[in-house]
Amino acid sequence: MTISTNPFTNYTLSIAAQYKDTKAAVDDAQKKPNRKMYHSMESMLKECVFLGATRFGTNYIA
């Protein structure tokens, strides 16, 4: 970064840097977390019996 004789240059650059940091933080906050993967129905049922209903529908055991 070069230092300019214009007094508004440093002010503008600091605003631009804050905007860039804020934009990066918002982008990171909007990322969805990775879904948990189950390799078998048995491992999923060991964790919670009702978990399959949200993933495979309400009648997945029947």
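Start by selecting Lys31 and Asp28: their side chains meet in a salt bridge, with N and O 3.7 Å apart. Keep in mind that you're looking at a predicted model. Is Lys31 buried or exposed? Its relative accessible area is 59%, and because the cut-off for exposed is over 50%, Lys31 counts as exposed.

**Next stop: the other salt bridge**

How many salt bridges does the structure hold? There are two, so you have one more to visit, given that a salt bridge here means a Lys or Arg nitrogen within 4 Å of an Asp or Glu carboxyl oxygen. Select Lys23 and Asp27, and show their side chains. The closest N and O atoms of this pair are 3.3 Å apart. Both residues sit in helix 1, four residues from each other, or about one turn of the helix.

Lys23 has a relative accessible area of 42%, and Asp27 comes in at 36%. Exposed needs over 50% and buried needs under 20%, so Lys23 is partly exposed and Asp27 is partly exposed as well.

**Now follow helix 1**

Select residues 7-29, which make up helix 1. This helix has 23 residues and reaches 34 Å from its first C-alpha to its last, close to the 33 Å expected at 1.5 Å a residue.

Go to its N-terminal end and select Asn6 and Phe8. What does Asn6 do here? Asn6 caps that end of the helix, with a side-chain oxygen 3.1 Å from the backbone nitrogen of Phe8.

Click on Ile15, which lies in helix 1. Its relative accessibility is 41%, so Ile15 counts as partly exposed.

**Last stop: zoom out**

Switch to a cartoon view of the whole chain. Then bring the surface back. The chain exposes about 6000 Å², and carbon and sulfur atoms supply 60% of that area. How much of the chain is buried? Of the 62 residues, buried ones make up 5%.

Definitions and conventions:
Residues are numbered from 1 along each chain as its sequence is written. This is a predicted model: local features need pLDDT of at least 70, side-chain atom pairs count only at pLDDT 80 or more; totals for chains, interfaces and linings use all residues. Side-chain values use heavy atoms; hydrogens and water are left out. Helices (H or I, at least four residues) and strands (E, at least two) are DSSP runs, numbered from the N terminus. Buried means under 20% relative accessible area, exposed over 50%, partly exposed in between (1.4 Å probe, protein chains only). Accessible areas come from the Shrake-Rupley method with a 1.4 Å probe; for residues, only the protein chains shown count as cover. The expected span of a helix is 1.5 Å times one less than its number of residues. A polar contact is a pair of N or O atoms within 3.5 Å; within protein, one must be able to donate a hydrogen and the other to accept it, and residues adjacent in sequence count only if both atoms are side-chain atoms.
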